[in-house]
Amino acid sequence: MKKNMLILILAGIISGALPRYKEVQSCGCAVDECCSQMGYCGTGYVFCGVGCQEGPCYSFLPANNLSVADIVTPKFFNGIHDQAAASCAGKKFYTRAAFLKALNSFLEFGRIGMLDDSRREIAAFFAHVTHEIGYFCYIEEIDGHSKNYCNKTYTQSYPCNPNKSYYGRGPIQLSWNFNYGPARNEIGFDGLNSPETVAKDPVISFKTSLWYWMNFVHRVIGQGFGETIQVINYHECDGANSARVERLVTYYTQYCNQLGVVPGDNLTCS
């Protein structure tokens, strides 16, 4: 399916993308790990992002005072959710309450930069969600049970359980063992041995998508919506999937209009 074969080792990519760090390290973690706000050691957004105490913490810009809940209103969320047919598995699974609860673990989502930047990021996130799961219709990838997505190059770090499959699940269809593994470490569920949790727990489901977004997409949001397509679905940017790209842009511009913000430049990737 997707999920960035080019984005493979989380800590290396994220640390390389962010130029400024805190230099201290005395809370018992390895030198390349962060001490999270809860006192746990690890790499990635949950450990090195908001509240990071020591280690190679990400130096984000200060968050603005926007409330994501005030932007993702019931009217906005339900306007997307209600497009799904009553027979859709995701109709009762995905809720605004589950999204907002998951959001508590990702406090910088939609809150960096100017207020218009925040609105554009929120519009971009829900445009991709709409595209990936058809207006909150699908929880799992269509025909996903026939696919495994075990990349053996990374089985030493993220060993595949032979009885499990790592096909797309959740609002941004988390896929591959090299994503389920790091998500497990940062979110706190056993992604490699219980990947089906993403399709059973709506809060975990939203957390995986927000985790993916904050680790891989958030840093390119200022480069335009087209760059978010490149990160999430790079295979759609080769010119052969122009209709799918156009559909994504349509969702994005529609949501920007609803949120009262201009879409900005660089909308496509092809």
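**Cores, a helix face and salt bridges**

Setting aside its neighbours within four places in sequence, Phe125 is in contact (heavy atoms within 4.5 Å) with Phe99, Phe109, Ile172, Ser209, Leu210 and Trp213. The model is a predicted one, in which local features need pLDDT of at least 70 and side-chain atom pairs count only at pLDDT 80 or more, while totals for chains, interfaces and linings use all residues. Residues are numbered from 1 along each chain as its sequence is written, and side-chain values use heavy atoms, with hydrogens and water left out.

Phe125 is among the residues with the most contacts inside the largest nonpolar core, which has 69 residues; Phe99, Phe109, Ile122, Phe126, Phe136 and Trp213 are the others listed. A nonpolar core is a set of buried Ala, Val, Leu, Ile, Met, Phe, Trp, Tyr and Cys residues joined through side-chain atoms within 4.5 Å. Buried means under 20% relative accessible area, exposed over 50%, and partly exposed in between (1.4 Å probe, protein chains only). Two or more residues of this core come from each of α3, α4, α6, α7, α8, α9, α10 and α11; helices are DSSP runs (H or I, at least four residues), numbered from the N terminus. The greatest contribution is that of α9, with 10 residues. A second, separate core of 5 residues includes Cys34, Phe47, Cys48 and Cys57.

Helix α6 (residues 96-103) has Ala98, Phe99, Ala102 and Leu103 as its buried residues. Seen down the axis of α6, these fall within an arc of 140°, so they line one face of the helix; the arc is that of the directions from the helix axis to the C-beta atoms. The face turned away from the buried side of α6 carries the exposed residues Ala97 and Lys101. The cover over the buried residues includes α3, α4, α7 and α9.

Within helix α7 (residues 115-133) lies His128, which counts as buried because its relative accessibility is 0%. The side chains of His128 and Thr228 are joined by a polar contact of 2.9 Å (a pair of N or O atoms within 3.5 Å; within protein, one must be able to donate a hydrogen and the other to accept it, and residues adjacent in sequence count only if both atoms are side-chain atoms).

Charged pairs complete the description. There are 5 salt bridges, each a side-chain nitrogen of Lys or Arg within 4 Å of a carboxyl oxygen of Asp or Glu. One of them joins Arg169 and Glu140 (3.7 Å, N to O). Both residues lie in the loop between α7 and α8, so the pair ties together parts that are 29 residues apart in sequence.
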